[in-house]
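Subject: Structure handover

Hello,

The structure is below, with the sequence. After it come my notes on what was found.

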Amino acid sequence: DDVAAQGRAVGALAAMVSRRGQRLRLDGNQCWSLEEAVAFVSAVGPDGVAGIEYIEEPLQDPAQLPQFGQQTGVKFALDESVEQDQWRPLLGDAHLAAVVVKPAVLGGLEAALAVQG
């Protein structure tokens with residue numbers, strides 16, 4: 001299984017950096033279903049999960065991100081959802097680790113600053 005193989009490879013790397021006191025920030029680019037993302041984290045394994053700070057936008061459906069956090073214990077970050085304006089309902093979620101704001105993508109500095117409003 002491709003997702004499981006990717007998870008095992010990332011898990012080995014994450015466990016290695018964790019032993020050095022570092023953590024990975026991964027970017028899923030909204031490529032997985034909830035089930036695939038959970039399978040990926042399962043394949044990463046507990047030692048690997050300890051080396052992951054968060055996974056940015058792991059899911060195709062951002063509305064399922066709270067379920068991802070609950071099922072895996074892994075924190076998530078938002079990026080594409082900010083551009084798509086699907087992020088505000090997720091702000092209070094305990095598993096939200098970061099919101100990535102890219103002025104160039106949002107239409108400039110003023111538009112990026114308006115995101116906080």
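Leu91, Val99 and Val101 make up a nonpolar patch on the surface, and together they have about 210 Å² of accessible area. Accessible areas come from the Shrake-Rupley method with a 1.4 Å probe, and for residues only the protein chains shown count as cover. A patch is made of residues with over 30% relative accessible area and no salt bridge; like charges are joined within 9 Å, and nonpolar side chains (Val, Leu, Ile, Met, Phe, Trp, Tyr) within 5 Å.

Before the rest, some background. This is a predicted model, in which local features need pLDDT of at least 70 and side-chain atom pairs count only at pLDDT 80 or more, while totals for chains, interfaces and linings use all residues. Residues are numbered from 1 along each chain as its sequence is written, and side-chain values use heavy atoms, with hydrogens and water left out.

Helices (H or I, at least four residues) and strands (E, at least two) are DSSP runs, numbered from the N terminus. Val101 counts as partly exposed because its relative accessibility is 36%; buried means under 20% relative accessible area, exposed means over 50%, and partly exposed is in between (1.4 Å probe, protein chains only).

The sheet

The model has an open sheet of 4 strands in the order β1-β2-β3-β4, with parallel pairing. The edges are β1 (24-27) and β4, each with a single partner strand, so one side of each has no neighbour in the sheet. From one strand to the next, the twist averages 25°. Two strands pair if DSSP finds at least two bridges between them.

β1 and β2 pair in the parallel sense over 4 bridges, and the bridge partner of Leu24 in β2 is Ile52. Strand β2 (residues 52-56) also pairs with strand β3 (residues 76-78), in the parallel sense and over 2 bridges. There, Ile55 stands opposite Phe76 in β3. β2 is mostly covered, with 4 of its 5 residues buried.

Helix α2 (residues 34-49) lies across β1 and β2 and runs at about 155° to β2. For such angles, axes are lines fitted to C-alpha atoms, for helices over the stretch in contact, and the angles run from 0 to 180 degrees between N-to-C directions. Glu36 is in helix α2 and counts as partly exposed because its relative accessibility is 33%. Leaving aside neighbours within four places in sequence, Glu36 is in contact (heavy atoms within 4.5 Å) with Val3 and Cys31.

Salt bridges

How many salt bridges does the structure hold? There are 2, where a salt bridge is a side-chain nitrogen of Lys or Arg within 4 Å of a carboxyl oxygen of Asp or Glu.

One joins Arg25 and Glu53, whose closest N and O atoms are 3.0 Å apart. This pair links distant parts of the chain, as Arg25 is in strand β1 and Glu53 in strand β2, 28 residues apart. Arg25 counts as exposed at 56% relative accessibility, and Glu53 is partly exposed at 29%.

The side chains of Asp79 and Lys102 also meet in a salt bridge, at 2.9 Å from N to O. Asp79 lies in the loop between β3 and α4 (80-83) and Lys102 in the loop between β4 and α5, so the pair ties together parts 23 residues apart in sequence. Asp79 counts as buried, at 9% relative accessibility, whereas Lys102 is partly exposed, at 37%.

Loop residues

Asn29 is not a glycine, yet has a positive phi of about 50°. Asn29 lies in the loop between β1 and α2 and is partly exposed, with a relative accessible area of 48%.

Glu57 is not a glycine either, and has a positive phi of about 45°. Glu57 lies in the loop between β2 and α3 (65-72) and counts as buried because its relative accessibility is 0%.

Ala50 is in the loop between α2 and β2 and is partly exposed, at 44% relative accessibility. Not counting residues up to four places away in sequence, Ala50 touches Ser18 and Arg23. Ala50 and Lys75 are 25 residues apart in sequence and 11 Å apart in space, C-alpha to C-alpha.

Regards
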